[in-house]
Amino acid sequence: VCNVHRYVTHRKMNEKDLERKSHDLGERIKELNCLHSFSKFIEKQGISLKEMFGQTLEVLQQSMQYPDVTYARIHLDGEDFRTDNYSETRWNLKSDLKANGSTGFLEVGYLEEKPLHYKGCFLHEEILMIEEVADTLERSIERKKNKDVLERNEAELNAIYENAPLLMLLVDQERRVVKLNSHAAKLGETTQDRAMGFRGGEVLR
């Protein structure tokens, strides 16, 4: 009887251990899927910060141990981006965001108390995942803002070049026209397309 009891107890322990390992594996797969999905849309050409933040929050929400009661928020420069179920609670994690003069934080939390793990209700791997997402967001925000500044400056320079009341030509090393402003086109009685490839003097004869 004792041997049977020990066998049953040992079998139950093995089953619980297997169940725990299966659960842990499922959580690791969710975390890997989160980082994979995040890396795909974060590099998408033309994506706006609003779209980037919205997809980030959605992916994070589904990647936590208890997605049904998970909320997420990105706060940047006084502006909030939240999941629809957002409601601030004491069961949350925050990771700072600092990028190109912008400041804020990434927040992930639970709407209700859950069993204690590494830090409050959160697994150690979840904390690492959130920190990794925050670090990548910082780099993406900085890259996006730098790109916006460059595009804005380029547009301003193009407007000045095009509308300047001066004859302005851009030529290559062989002094062939690659660009001219409207004033030069008017004087040469030509167009941008027609002037391309000609020498500056030929255009303005």
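How many residues does helix 2 have, and how far does helix 2 reach from its first C-alpha to its last? The points below take up this question and then the rest of the chain.

1. Helix 2 has 15 residues and reaches 21 Å from its first C-alpha to its last, which is close to the 21 Å expected at 1.5 Å a residue, the expected span being 1.5 Å times one less than the number of residues in the helix. Along helix 2, the residues L49, M52, F53, T56, L57, V59, L60, Q61 and S63 are buried, where buried means under 20% relative accessible area, exposed over 50%, and partly exposed in between, with a 1.4 Å probe and protein chains only.

2. A word on the basis of these values: this is a predicted model, in which local features need pLDDT of at least 70 and side-chain atom pairs count only at pLDDT 80 or more, while totals for chains, interfaces and linings use all residues. Residues are numbered from 1 along each chain as its sequence is written, and side-chain values use heavy atoms, with hydrogens and water left out.

3. The protein chain holds six helices and six strands, and from the N terminus on its elements run α-α-β-β-β-β-α-β-β-α-α-α; here helices (H or I, at least four residues) and strands (E, at least two) are DSSP runs, numbered from the N terminus. Of the 205 residues in the protein chain, 34% are buried. Among contacts with a separation of 6 or more, 49% are between residues 24 or more positions apart, a contact being heavy atoms within 4.5 Å.

4. The largest nonpolar core has 28 residues, and F53, I74 and L106 have the most contacts inside it; such a core is a set of buried Ala, Val, Leu, Ile, Met, Phe, Trp, Tyr and Cys residues joined through side-chain atoms within 4.5 Å. At least two residues of this core come from each of helix 2 (49–63), strand 1 (70–76), strand 3 (92–99), strand 4 (102–110) and helix 3 (124–163), and the largest share, seven residues, comes from helix 3. Apart from this core lies another, of five residues, among them L180, A184, A185 and A195.

5. Which residues does L106 contact, leaving aside its neighbours within four places in sequence? L106 is in contact with L57, L60, R73, I74, L93, K94, S95, L97, I130, V133 and A134.

6. A search of the whole structure finds six salt bridges, each defined as a side-chain nitrogen of Lys or Arg within 4 Å of a carboxyl oxygen of Asp or Glu. D80 forms one with R73, where the closest N and O atoms are 3.2 Å apart, and another with R82, where the closest N and O atoms are 2.8 Å apart. R73 counts as buried at 8% relative accessibility, whereas D80 is partly exposed at 28% and R82 is partly exposed at 46%. A further salt bridge links R176 and E174, with the closest N and O atoms 3.5 Å apart; R176 counts as partly exposed at 29% relative accessibility, and E174 counts as exposed at 51%. Salt bridges that share partners join R73, D80, R82 and E107 into one network.

7. M196 is found in the loop between helix 5 (192–195) and helix 6 (200–203), and is partly exposed, with a relative accessible area of 41%.

8. Two backbone angles deserve a look, given that most residues other than glycine have a negative phi. N100, in the loop between strand 3 and strand 4, has a positive phi near 55° and counts as partly exposed at 41% relative accessibility. R175, in the loop between strand 5 (169–171) and strand 6 (177–180), has a positive phi near 65° and counts as exposed at 60% relative accessibility.
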